Structures are given as C-alpha cells and as structure tokens.
Amino acid sequence: MSRDYTARRVPKAALLTLTALALGGCVGMGTAGIGSAFRVDQTASTAPASLAPAQTTGPSAPAPRGSFSSFVESLWPMAQARGVSRATFDRAFAGVTPNERVVELTQRQAEFTRPIWEYLDNAISAERLRLGEAARTRHATTLASVERAYGVPREIVLGVWGMETNFGSFTGSMDVIRSLATLAHVGHRGTFFRDELLAALQILQEGKIARGDLNGSWAGAMGHTQFMPTSYLRFAVDGDGDGRRDIWNSIPDALASTANYLRQHGWQPGLPWGMEVVVPAGFDFSQRTMAFSGFARAGVRRADGAALPNAGEATLFLPAGARGPAFLVTANFDVIKRYNASDSYALAVGLLGERLAGRPGVRGTWPRGERMLSADERRELQERLSRLGLYDGTIDGKIGSQSREAVRRFQLSRGLTPDGFADVAVLEALRR
Ligand SMILES: [Ca+2]
C-alpha cells in the first residue's frame with residue numbers, strides 16, 4: 001500500500017519499537033520514524049511508533065502459500081544464484097519456524113491521530129536529548145572522522161541514530177532470518193521480504209557475522225541505524241578498520257555506514273537540510289520552491305536571525321499550515337527521506353540534530369489547541385480530493401506529501417491560502 005514502498009531501502013525505527021513491544025518492553029520509547037516499509041510519508045498526522053504500529057496490508061491477513069518448509073526450499077535456487085553455499089543455506093534455516101507474532105504485527109492497524117508537534121515532542125524528548133548529548137561527547141572522534149569522510153554533518157548522523165534506535169538503546173533482538181522468512185512466506189509486500197531474506201543469506205555467506213548474531217527488528221532492520229539486508233550489502237562500510245562491517249556492535253561502522261548511505265543517496269556537503277523561517281504577512285504561498293535568494297527577496301527570514309544561504313534552492317514546508325512554524329527545506333531533506341519516507345521523520349532528524357548541536361528548538365508556535373481531523377475525516381478528505389481529480393494516492397487516512405500537495409491544489413482552486421494543511425476548514429470547504 002505504500003506507493004513508493006519498493007523504492008524504500010531502509011525500513012526502520014518504528015519497527016524496532018514494535019519489536020520492543022512484541023517482546024514486552026520499551027513501551028513509550030517513542031522511536032519516531034514509522035517504518036518506511038510500511039508507510040509512505042505522513043506528516044500532519046503521525047503517531048509515535050510505539051503507539052501506532054506499522055499499518056499494513058489492508059483488511060485481509062496475508063496467507064501462506066504452501067508449507068513453510070517447501071517455501072524455504074523454493075528459495076534455494078535463488079540463493080545459490082547469489083553465491084550462497086548449501087551449507088550456509090542449511091545453517092541459516094536450521095530449526096527456523098514461522099513467527100506468528102511477526103505476522104500479527106503486520107496486521108496492526110494504526111490510527112494516526114497524533115499531530116506533528118506531538119510526534120516531534122516524542123522524537124526530541126528530554127531523555128533522547130540527554131542520550132544524544134552523551135553520545136555526541138563519547139563518540140566525538142568518530143563523528144568528526146565520519147563527517148570528514150562523507151561530508152554528512154555529525155548532527156545529521158546523530159539525528160538518524162537517535163531516531164532509529166535511541167542511540168543504540170535498542171537495536172532489535174529478533175532473528176532476522178526467521179522474521180524475513182515469515183514475512184516472505186506469507187507474501188507480505190510482494191517480493192520485498194523475499195529479496196531481503198536472500199540478501200540476509202548473502203550476509204551470512206560473507207562469513208563475518210555469526211548466524212546467531214544476525215538480529216534486528218521484527219521486519220529485519222538491523223543494527224544501530226537499522227539497515228535492511230539489501231542496504232547492508234550495498235552501503236554498509238567498515239568504519240573502524242577491523243575488516244568487518246559490524247553495524248550491530250561497532251558504532252564507528254554503524255555511523256560511517258549511515259553517512260555513506262546518505263552520501264550515496266545524494267547528500268550534498270555544505271548544503272543545510274533546511275531551517276526554520278519566518279514568512280512575512282502577505283507572502284504568496286503559491287510560490288513554494290525557488291532559490292534561497294528568491295525567498296529572501298520575498299521577505300522570508302531565518303527564525304534565528306542569520307542570513308539565508310546565498311546559493312541553492314529550497315521548498316517552503318508548512319507542516320502545520322500557514323499559522324504554524326515554517327521551514328525551508330532543501331534537497332538534503334529529501335535525502336534524509338531516503339532513510340524513511342516521511343516528512344515528519346526527516347524534520348525530526350534535522351531538528352534533533354539542531355538541538356544536539358546546541359541550537360534552540362522550534363521558535364514558531366504549533367497550533368496545539370486546534371482540533372485535528374479524525375482518521376475517518378482524513379480518509380473522507382482524501383476521497384473528496386480524489387473525486388476532484390486532485391489526488392490519486394491511497395485512501396488511507398495518512399496525510400503525507402502527496403495528500404498535502406492535493407490539498408494545496410484544492411486551496412489554490414478555491415482562492416484559499418495554499419498551505420497544504422489538511423485541517424477542519426479544508427474538509428468543510430471540500431464538503432461544500
Ligand atoms: Ca568494522
């Protein structure tokens with residue numbers, strides 16, 4: 001159902017929290033990024049992962065096709081074609097049975113009733129800041145060398161680490177082979193989990209991770225910064241020079257891998273992810289993407305009083321509408337979304353990093369008193385936008401960038417302030 005699901009390579013954080021939930025611990029940990037494997041982008045209505053389990057496949061439960069053992073055996077030719085030996089294959093699946101709990105977790109329907117500010121409250125909690133500051137100090141040398149090597153600022157690497165596993169507080173302790181085999185067997189998400197499972201076998205074939213150490217979230221995201229197996233194969237690097245890519249136990253490996261992932265997905269050194277801004281009265285909100293200089297000419301200022309960058313392009317992002325805090329975000333913001341396809345997630349990574357760099361939090365005022373649309377109302381909004389030909393995404397009640405763009409176009413068509421915020425007023429206008 002996530003329309004860009006196949007493009008996602010690193011499902012994550014929420015999955016971890018769910019693992020914790022499944023194991024009966026860490027409730028309220030609040031790891032923020034909702035697993036991108038299960039979710040497209042949702043900004044205005046995102047719940048902390050711990051409260052909003054990954055939503056999934058729709059009404060019917062995935063059904064196994066044939067027995068588990070015959071399914072496993074059917075993988076052998078594909079594994080062999082990838083250079084996996086029969087010994088590795090047999091060792092990987094020895095004693096492995098389907099994990100019913102994993103299937104149940106895919107069936108949890110999320111109700112995203114929490115607005116962006118609650119998501120951010122949770123993502124940038126006092127506890128997380130405390131852990132982040134300690135991590136920043138303890139791993140200062142590593143962070144500096146990663147920054148030098150990949151051009152990704154330490155704040156961003158820290159932001160991802162914090163969002164993914166709360167700085168390694170929980171990295172997932174479920175057997176990755178078992179989880180992925182369970183999900184692949186029931187055909188969850190087409191061939192995605194089968195391909196991840198095959199990649200996990202290749203990791204074992206490398207021989208540098210013991211079978212018993214291949215642990216992760218219930219959906220197979222692994223290590224300090226939650227790499228899926230395919231991402232591990234393509235982007236994990238050996239940060240500490242011991243010849244192994246140990247994203248589970250080596251923080252230098254995990255952080256260098258994260259920076260490498262971002263760099264390989266187009267991170268531009270020297271370009272900020274974005275910044276909070278103040279938009280002047282009378283600003284033309286139909287102008288959403290332009291050069292920083294264009295925003296400066298239009299009277300947009302940085303909230304901290306510093307000058308806007310001289311070069312580069314940005315997009316105005318109004319996660320809570322024109323009355324809430326405003327941000328200019330860049331192409332690097334989109335790179336963060338390659339980690340987890342959610343505007344909320346990317347904003348949280350950026351803002352968590354800012355705080356860990358000693359800068360203040362958001363200065364604008366979130367419309368905390370405003371009533372948010374219910375899940376039913378958000379689906380109704382999407383249906384109405386769809387009927388007007390403005391929205392062709394899933395009717396799932398999740399307000400992501402696609403829904404916001406549809407709202408924007410609707411607002412433009414009605415002469416309303418085109419801030420893309422799906423609030424009660426927009427729904428009422430749609431009903432008229
Ligand atoms: Ca290493």
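**Reading a sheet and a helix**

Me: How many bridges join strand β6 to strand β7?

Reply: Strand β6 (residues 313-317) and strand β7 (residues 326-329) are joined by 3 bridges, and the two run antiparallel. Strands (E, at least two residues) and helices (H or I, at least four) are DSSP runs, numbered from the N terminus.

Me: What should I know about the model and its numbering?

Reply: The model is predicted: local features need pLDDT of at least 70, side-chain atom pairs count only at pLDDT 80 or more, and totals for chains, interfaces and linings use all residues. Residues are numbered from 1 along each chain as its sequence is written.

Me: Now a helix. Which residues of α8 are buried?

Reply: Buried means 20 or more other C-beta atoms within 10 Å of a residue's own; exposed means 12 or fewer; partly exposed lies in between; C-beta atoms are placed from the backbone. In α8 (residues 140-150), Thr142, Leu143, Val146 and Tyr150 are buried. Seen down the axis of α8, these buried residues fall within an arc of 95° (taken from the directions from axis to C-beta atoms), so they line one face of the helix.

Me: Which residues are exposed on the other side of α8?

Reply: Ala140, Thr141, Ala144 and Arg148 are exposed there.

Me: What covers the buried residues of α8?

Reply: The cover includes α7 (126-138), α9 (154-165) and α13 (251-264). Contact here means C-beta atoms, placed from the backbone, within 7 Å.

Me: What follows α8?

Reply: Glycine 151 does, with a positive phi near 75°.

Me: Is glutamate 127 buried or exposed?

Reply: Glutamate 127 sits in helix α7. It has 11 C-beta neighbours inside 10 Å, so it counts as exposed.

Definitions and conventions:
Two residues are in contact if their C-beta atoms, placed from the backbone, lie within 7 Å. Two strands pair if DSSP finds at least two bridges between them.
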